[in-house]
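Thanks, everyone. I will take a few minutes to walk through one model, going from strand to strand and then to the helices.

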Amino acid sequence: MARLLPAPAAESDKYRRGVVGIAAGSARYPGAAVLAVSGALRGGAGAVRYVGPAGDAVLARFPETLVSDAGPAKAGRVQAWVVGPGAGDDAATVAEVLEADVPVLLDADGLRLAERDAVRRRTAPTLMTPHAGEAAALLGVRREEVEDARLAAVRELAAVYRATVLLKGSTTLVAGPGGGPVRVNATGTPWLATAGSGDVLSGLAGSLLAAGLGAVDAGSAAAYLHGLAGRFAADGAPVGAHDVASRIPEAWRDVTD
Ligand SMILES: NC(=O)C1=CN([C@@H]2O[C@H](COP(=O)(O)OP(=O)(O)OC[C@H]3O[C@@H](n4cnc5c(N)ncnc54)[C@H](OP(=O)(O)O)[C@@H]3O)[C@@H](O)[C@H]2O)[C@@H](O)CC1
Ligand SMILES: Nc1ncnc2c1ncn2[C@@H]1O[C@H](COP(=O)(O)OP(=O)(O)O)[C@@H](O)[C@H]1O
């Protein structure tokens, strides 16, 4: 794991470290954007660019965020996009992001709004991060069917969408598009079952994609760090998703020290 995590070289600058774009949030769910940005800021990219209607909320909490008024295509260069957390029904933004020739992480509403063929024809990597309910909707089955056969579900989704799929739950499974072994992450804790913790994970994984990790490595490393951060944050007591994000640096140090 330590070898996977990006570290700035002596001559690094913010652009060489990678810029991650976050297209998330809505009038109803501005918090999902804030939480995705909170994960992205701790994931190794040199800058986080935010696109969407929650710019004021994002800036109030994280003034280092580069907020753009334009849509994804005109927001400035990024090395990876995260699209979907709390995004409501903004299908146009999801479609626009899927046209970008950089890695894209699809989460939450982004999973529901993405055209299957638009995902399948992408040439840059796609990382999809459903929980069991979202995976069931994508496969057209009941949630219980996914929960009873999680390994088969993650493999099938990866094959159908020609994408890397990270299936969230008590353990996290990561399957690449070409078949082969599925990675299992078990660093998490049931205290992570709290609203918004998936939004933190998507920002973190997107940031690792922007820093240059492949989709399977970005998903696996994000799940590992997120699980550990959840343990450090909770330490036997209930916590909110923002607490998890704030402990990611400690999880990172735990891996690299
Ligand atoms: N701070 C923010 O801004 C946050 C904003 N967020 C944003 O909210 C939006 C909705 O995303 P979500 O994944 O939370 O819910 P949703 O897709 O509707 O359902 C998923 C599955 O859950 C289940 N289910 C639902 N209710 C249940 C219940 N009471 N008790 C038990 N089960 C229940 C339901 O299963 P079913 O019962 O239908 O079989 C379904 O399979 C999305 O935009 C997200 O990004 C979140 O990220 C959180 C933080
Ligand atoms: N029982 C559990 N044990 C360990 N991790 C869990 C458990 N339940 C949920 N998680 C983790 O918490 C996160 C929840 O994400 P998600 O379902 O997308 O919630 P939200 O949409 O509210 O952000 C995922 O990373 C998932 O793997």
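Start with strand 1, residues 19-23, which pairs with strand 4 in the parallel sense, with four bridges between them. Please keep in mind that this is a predicted model. Two of the facing pairs can be picked out by name. Ile22 is opposite Val82 of strand 4, and Gly21 is opposite Trp81 of that strand.

On its other pairing, strand 4 is joined to strand 5 by three bridges, and these two strands also run parallel. Here Trp81 comes up again, with Val104 of strand 5 as its bridge partner. Between strand 4 and strand 5 the chain passes through helix 4, residues 91-98, and this β-α-β crossover is right-handed.

In what order do the nine strands of the open sheet come? The order is 3-2-1-4-5-6-7-8-9, and the pairing is mixed. At the edges are strand 3, residues 66-68, and strand 9, residues 183-185; each has a single partner strand, so one side of each has no neighbour in the sheet. From one strand to the next, the twist averages 20°.

Further along that order is strand 7. Its pairing with strand 6, residues 126-128, is parallel and rests on two bridges. Leu127 has Thr164 in strand 7 as its bridge partner. With strand 8, residues 172-175, strand 7 runs antiparallel, and three bridges join the two. Leu167 is the residue opposite Leu173 of strand 8. The hairpin made by strand 7 and strand 8 has four residues between the strands, and in it Gly169 has a positive phi, near 160°.

Strand 7 is also covered on both faces. Thr164 and Leu166 are buried on one side, Val165 and Leu167 on the other. As for what lies over this part of the sheet, helix 9 lies across strand 6, strand 7 and strand 8, and runs at about 150° to strand 7.

Helix 7 spans residues 132-139, and its buried residues are Glu134, Ala135 and Leu138. Why do these residues line one face of helix 7? Viewed down the helix axis, they fall within an arc of 100°, so they line one face. After helix 7 comes Gly140, with a positive phi near 75°.

Helix 13, residues 248-256, can be read in a similar way. Its buried residues are Ile248, Ala251 and Trp252. They cover an arc of only 100° around the axis, and so sit on the same side of helix 13. They pack against helix 2 (30-40), helix 10 (197-210), helix 11 and helix 12.

Next, two backbone angles to look at. Ala108 has phi near 45°, which is positive in a residue other than glycine. It sits in the loop between strand 5 (104-106) and helix 5. Asp235 has phi near 45° too, again a positive value in a residue other than glycine. Its place is the loop between helix 11 (215-234) and helix 12 (241-246).

Which of these is buried and which exposed? Ala108 is buried, with 24 other C-beta atoms within 10 Å. Asp235 counts as exposed, because it has 11 C-beta neighbours inside 10 Å, and the cut-off for exposed is 12 or fewer.

Last, the annotation. UniProt, in an unreviewed entry, lists residues 1-255 for "domain: YjeF C-terminal". Over that range the chain is 45% helix and 13% strand, and the end C-alpha atoms are 7 Å apart.

That is all I have.

How values were computed
Residues numbered from 1 in each chain as written. Chains lettered and ligands numbered in written order. Predicted model: local features only at pLDDT ≥ 70, side-chain atom pairs only at ≥ 80, totals over all residues. UniProt positions renumbered as here; feature names shortened; annotations may be inferred. Buried ≥ 20, exposed ≤ 12 C-beta atoms within 10 Å, placed from the backbone. Arc of directions from axis to C-beta. Pairing = 2+ DSSP bridges. Right-handed = clockwise from strand over helix to strand, strands pointing away. Axes fitted to C-alpha atoms, helices over the stretch in contact; angles between N-to-C directions. Contact = placed C-beta atoms within 7 Å.
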